[in-house]
Amino acid sequence: MEIPVFSDTYFMKEALKEAEKALEKDEVPVGAVIVSNNIVIARAHNLTETLNDTTAHAEMQAFTSATNYLGGKYLGECALYVTLEPCLMCAGAAYWTRIGKIVWGAPDEKRGFTLTNRNLLHPKTIIVRRIMENESASLLRKFFSGKRK
């Protein structure tokens, strides 16, 4: 089956490419892209180990890149595609960017922001869950199974 260009699946595949880059660097394989007008304006993946920075999550890296690209701090007309549900920190940052849409792959059953039972996102932010969930979760399982040997 052919995937329509500019679908949530199409852009999640781009985020998965970023997650693969993180896996290659022995980082937790989470990838993110930010899209504006059907153009990927930011690509990022986890860099917490590489940068020795606990805040260097894929989403945080993508927000910085996207706002630099656009020359402003608000991302209301943009969409974030991320392979894992954002944590509290990343959801808070998403709130401040006023991102228009967040699409994630796998839920984060230990640290995902939805565990708080509070909506931490901007009231206008659209949320789409579980796009390419199996592919996203598979990368995470691969990474963590290698760590538990």
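The largest pocket of this predicted model has a volume of about 810 Å³. A pocket is here an open set of points on a 1 Å grid over the protein atoms alone, where a 1.4 Å probe fits, with protein on both sides within 12 Å along at least five of seven lines; its volume is the space filled by probe spheres set on the points. Local features need pLDDT of at least 70 and side-chain atom pairs pLDDT 80 or more, whereas totals for linings use all residues. Residues are numbered from 1 along each chain, and side-chain values use heavy atoms, without hydrogens and water.

The pocket is lined by 26 residues, each with an atom within 4 Å of a point. Val28, Leu84, Asp108, Arg111 and Phe144 lie nearest its centre. Helix α4 (residues 133–147) supplies the largest share of this lining, five residues. By class, the lining comprises eleven nonpolar, four polar and eleven charged residues, with Asp, Glu, Lys and Arg counted as charged and Gly among the polar.

Five strands form an open sheet of mixed pairing, in the order β2-β1-β3-β4-β5. Strands are DSSP runs of at least two residues (E), and helices of at least four (H or I); two strands pair if at least two bridges are found between them. β2 (39–45) and β5 (126–128) are the edge strands, each with a single partner, so one side of each lacks a neighbour in the sheet. Strand β1 (residues 31–36) runs antiparallel to β2 and is joined to β2 by six bridges, with Gly31 partnered by His45. Helix α2 (residues 58–70) packs on the sheet, touching β1, β2 and β3 (78–84), contact being heavy atoms within 4.5 Å.

Note on methods
Axes are lines fitted to C-alpha atoms, for helices over the stretch in contact, and angles run from 0 to 180 degrees between N-to-C directions.
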